[in-house]
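The sequence and structure come first.

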Amino acid sequence: MPDATPLTPGITSGRLSAETLSQNFDDLHPAYAPHEAAVAADRCYFCHDAPCITACPTEIDIPLFLRQIQTGTPEAAAKTILSQNILGGMCARVCPTETLCEEACVREAAEGKPVEIGRLQRFATDTLMHAGKHPFTRAASTGKSVAVVGAGPSGLSCAHRLAMHGHDVVLFDARAKAGGLNEFGIAAYKSTDDFAAHEVDWLLKIGGITVETGQRLGDELSLDELQNEYDAVFVGIGLSGVNSLRAAGEEREGVSDAVSFIADLRQASDLSALPVGRDVVVIGGGMTAVDAAVQSKLLGAQNVTIVYRRGQDQMGASRFEQDLATSKGVRIIANAQPVAVHGNGAVAEAEFEYTTTKDGALKGTGETFRIKADQLFKAIGQTLEAAPEALKLDGRKIAVTGAGRTSVKGIWAGGDCASGGDDLTVTAVAEGRDAAEDIHASFLAKTP
């Protein structure tokens, strides 16, 4: 049988050569060299009342770390970053800086070209990590123990801060590897060279954290038992469920969720063995939709289309992400919602209805169209699964007040599973950090 090509029909692997795949999945943003970083940092006005700090969910002192890079002390800059965001290395790679700190940059307002804060943050944190250094020292043991359920960004951040304060932490996760979204849910070209796993290993150098994988809340883990065994519990289980299309035929072969596709790709040792369709359709408008669409194209799909039910300006993916998708050959169709998935057993076409917004409500126009598809990915949001019954919900997430306090005393929650901030890695890190500080404060309050 001849090798597959982008023109080969159906879902198949090996559409592109190993060399082409390696090039396609190379680092999206090449790292700065030291001189380049110094020059880029020198563009900062070092504002006294810096709007970039306010725009950062973890409130990193950006002018300070840029000044430290500019003066040739990137490891000091890294400590400035990591003291607020212990996952600053990954956030530098995946944060939508173009809509956060860089959008707020005074250079952006004055010239339309901000200081490249994300790349400079990466330069600083990478410099420190490559040196094999951990800039924080664990405090003397307090004798307190905390169970952290979920080893994603919020759980890792919470565990590290608790360990710094001298508490013993057991970090549980349902998967076989720690890292959560950073390990399983980020596009491969944003996190190359197994960076997520290396960052977890580096974070654990603080000491005092034991990692237990294959432990799922509701199955292997009981919230009641954790409460009895530990002095506090933090829940950061993320969102593992996937929303349904609610369209006829979505059970057909070739229809799957984008999150699983991205996870499979991230864990694949050989990208040429990963199957992808010739005609791929991704339904959704967020970062997951863009990541799935772009990576389908990079794997060799001939035609890739993102379809989103509202206007393109309302997509969850930033303009940078949208432009990245179109630059790779992905087509974006806005104002269209799925109606049905057609095919004889396997998907062959996806049918959509054009939409309009009237009086604030989304409505179908009645006009439909079809797109050829042999593979269809759902990227229309995730849901909380197996939420502990004891915890009060706010809508479809765990209700929290203050720094992550749930309705049950002694239990905190943060990250995507909890109500509150945006579903961003950097927000999850901030919530895990703040919950840890609140847990620590609660321990101190009980100390005679």
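Which residue lies over the face of Y32, and at what distance from the ring centre? R119 does, at 4.1 Å.

## Basis

This is a predicted model, where local features need pLDDT of at least 70, side-chain atom pairs count only at pLDDT 80 or more, and totals for chains, interfaces and linings use all residues. Residues are numbered from 1 along each chain as its sequence is written, and side-chain values use heavy atoms, with hydrogens and water left out.

## Charges over rings

A charge sits over a ring if NZ of Lys or CZ of Arg is within 6 Å of the ring centre and within 35 degrees of the ring normal. R67 is another case: its charged end sits over the ring of F46, 3.7 Å from the centre.

## Aromatic pairs

Rings of Phe, Tyr and Trp (its six-membered ring) pair if their centres lie within 6.5 Å; planes under 30 degrees apart are stacked, over 60 edge-to-face, the rest tilted. The count is four aromatic pairs. One of them, F352 with F369, is stacked, at 5.7 Å centre to centre and 25° between the planes. F352 lies in strand β11 (residues 349-358) and F369 in strand β12 (residues 361-372), so the pair ties together parts 17 residues apart in sequence. Strands are DSSP runs (E, at least two residues), numbered from the N terminus.

Y354 and F369 form a tilted pair, with 4.7 Å between centres and 35° between planes. Y354 is in strand β11 and F369 in strand β12, 15 residues apart.

## Cluster and burial

F352, Y354 and F369 make up one aromatic cluster. Buried means under 20% relative accessible area, exposed over 50%, partly exposed in between (1.4 Å probe, protein chains only). F352 and F369 are both buried. F369 has a relative accessible area of 16%. Y354, at 31%, is partly exposed.

Methods:
Helices (H or I, at least four residues) and strands (E, at least two) are DSSP runs, numbered from the N terminus.
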